[in-house]
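User: I am new to this structure. Please walk me through what some of the labels rest on.

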Amino acid sequence: MDALDTLIQPHRVHRSLYTDDKIFVAEMERIFGGAWVYLAHESQLPNPNDFIASRMGLRRLILTRDDDGGLHALFNRCAHRASTVCQSECGSARRFQCSYHGWTYSNRGELVNVPFAEGYPPDFDKADHGLAQVPRLGTYRGLIFGTLNLDAPSLADWLGPAGPLIGEFVDRSPSGRIEVRNCQRMIFRGNWKLAWDNAGDGLHPTFAHRSFLVLNERQHGGARSLSQFKASPDDTGMYGLDLGNGHMFVDQRPGLNQSFWETQRPVPGREWYADRIVQRFGDEAPDVLEMAPGSMVNLSIFPNLLIKGNTLETVDPVAVAETRLHTWVAAAAGAPDEVNVLRMRIAEDFPSLGNPDDLEIFERCQEGLAIPEVEWVDMSKGLGHPAEEVAADGVRRAPVTHEGPMRGYLRAWLELMSADAKLTTARAGETSFEKAA
Amino acid sequence: MDAPAASVLDDRLYQRLVELAAPDGAERGPGRPDLRSGVEQALHHEARLLDERLYRAWLDRFTQDCVYWIPLDPAGDPRTQVSYLLDDRRRMEDRIGLLETGWAHAQEPPSRTCRIVSNVEAWPLGDGDTLARCSTVVWEYRKDRLIPFASHNDYVLATLGENWSVRFKIVRLVDSRSDVRKFSFVL
């Protein structure tokens, strides 16, 4: 592994970030252990004793809620011989029993039973043999994060200006809460950072999503989903933000000259459900309908959460050139049912019509990156440009087609990779919890 | 091009899909032999149209109130859950129109597919429609890979024989609980 700081230059990135197994292994430890990593949403384990499977990089977790409502992120690894102890994606359980030798754990991670206990050394203490767990957990507006890094900043400080933007996303629901439903699971043959580059990229829609733009123009006409990228996106006022700590924001709202609902592509059931909303809500119907389409912003929380549309998409690395994308759909809690029915169909729209073109291009990038002698990936657009502004809180703002947000997340990447922080696990009862908002 | 038809998807149609997708287990006995050849004629013809990417001819075989649905496992009520896709006729036209733009990168080069349709069973539904179930494997070759997509498919056919037509098509991928390779052709 070359010295990391030579691999990221102000205007370009070395290909090995996408292709080198040793860098990937280090990322899975230092970034997906040292940063605050998104684990799940509270609505996915609403009741005492609920649990849901999650990951921190390649580490498998069981995120549990105990009978007092407390949250625990337990490593899915028996303290005895390492077998996973939970095979379900989600469910409800007070105990997890390893099927190999019967060691049994509470949903707080305590070892509660060892069969045939006779024969263990006299100093064998069950308290030393619980499930290892994530030492620091925190929530922000229902989103659950964890880190193995005791020296990491507080969750609120880590999120910084990204926190209030999470708030804006959640506050599109009348109750100020989202309810996470099920998820679409896709996998592509490329490095996880290709998805990350793309999340802050306002330059690609004009070209990568040309099929979608042309289709909408031909079939439906007028200003429709993504038409703000048809020509000269920077003239629309759309912008990108480098929020610090790797978080990114792309705001498409200035590119719309009509309501979200009017520009939303027609999805199945649009007419019947819109009519119902008009009948039920009369003059307020336009505000109700406005809750159905996506947020028209892309908020990316480093290193593994892309909030876009009405979805929470997790970026789950599998190997240096293989990545899972799990797209969890958020319903607006407290909104009329009609809004959430429309949200389900809208959440299938761009993902099934537009995302395949993104994934295809990620795989093409990975193919191109295989050439050792052509070493660099260019990310210079906007560097030193007069339109790039830095606000008092350090947030850097630039026209939407600039590559500043990508340069920003790579700075955070370099910091975490270079820090080599001490990562630790905790025993039951030794973890800390921060409710940041 | 004519303006696309308005969506006919309403709560009643959703309810019908939910009932259709509900497991009926041991209660549903073996299929009716007298329906099988008419159903196979339709399903084999459909497979050929799709393998040859004759998407407009395929779409012409669907009724105006059709639904083409690829649920996620476990299949729940599509009013409260997201699917891979749940298309009415308008969005099916969009899906085909997208491929016809010539700019769908995920289909450059296009997939070559080979569909195996098997285990066909059929039952009459009370209203003159026919329920058909089959096992399907779509082999997709594209670039350097040959990938299978295995599914149990349900069809509600409005007509059998020469003029066969489809009201509902449900594709239950066996691995939809897992990570699915992107597909940009019609399953």
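Analyst: Start with a definition: two strands pair if DSSP finds at least two bridges between them. Strand 17 and strand 18 of chain A form a hairpin with two residues between them. In that turn, Gly309(A) has a positive phi of about 55 degrees. Note that the model is predicted.

User: How do you know that strand 17 and strand 18 of chain A pair?

Analyst: Pairing needs at least two bridges. Strand 17 of chain A and strand 18 (residues 311–319) of chain A have four, in the antiparallel sense. Leu306(A) stands opposite Glu313(A) in strand 18 of chain A.

User: What joins strand 16 of chain A to strand 17 of chain A?

Analyst: Four bridges, and the two strands run antiparallel. The cut-off is at least two, so they count as paired. Asn298(A) has Lys308(A), in strand 17 of chain A, as its bridge partner. These strands also form a hairpin, with three residues between them.

User: Why is the pair of Trp103(A) and Tyr120(A) called edge-to-face?

Analyst: The structure holds 20 aromatic pairs over all chains. For Trp103(A) and Tyr120(A), the ring centres are 6.3 Å apart and the planes stand at 70 degrees. Centres must lie within 6.5 Å, and planes over 60 degrees apart count as edge-to-face.

User: Are Trp103(A) and Tyr120(A) buried or partly exposed?

Analyst: Buried means under 20% relative accessible area. Trp103(A) has 4%, so Trp103(A) is buried. Tyr120(A) has 32%, so Tyr120(A) is partly exposed.

User: What makes the pair of Trp192(A) and Phe302(A) tilted?

Analyst: The angle between the planes is 40 degrees, with 6.4 Å centre to centre. Stacked needs under 30 degrees and edge-to-face over 60; the rest is tilted. Trp192(A) lies in helix 6 (residues 192–199) of chain A, and Phe302(A) in the loop between strand 16 and strand 17 of chain A, 110 residues apart. Trp192(A) is at 0% relative accessibility, so Trp192(A) counts as buried. Phe302(A) is also at 0% and counts as buried. Ring pairs link both into a cluster with Phe32(A), Trp196(A) and Tyr409(A).

User: How do you know that Tyr141(B) is partly exposed?

Analyst: Tyr141(B) has 40% relative accessibility. Tyr141(B) is found in strand 4 (residues 130–142) of chain B. With Ile116(B), Trp139(B) and Leu146(B), Tyr141(B) makes a nonpolar surface patch of about 400 Å².

Note on methods. Residues numbered from 1 in each chain as written. Chains lettered and ligands numbered in written order. Predicted model: local features only at pLDDT ≥ 70, side-chain atom pairs only at ≥ 80, totals over all residues. Heavy atoms only, no water. Patch = residues over 30% accessible without salt bridge, like charges linked within 9 Å, V, L, I, M, F, W, Y side chains within 5 Å. Areas by Shrake-Rupley, 256 points an atom, 1.4 Å probe, with all protein chains shown as cover. Salt bridge = Lys/Arg side-chain N within 4 Å of Asp/Glu carboxyl O. Buried < 20%, exposed > 50% of the residue type's maximum accessible area, 1.4 Å probe, protein only. Phe/Tyr/Trp six-rings, centres within 6.5 Å; stacked < 30°, edge-to-face > 60°.
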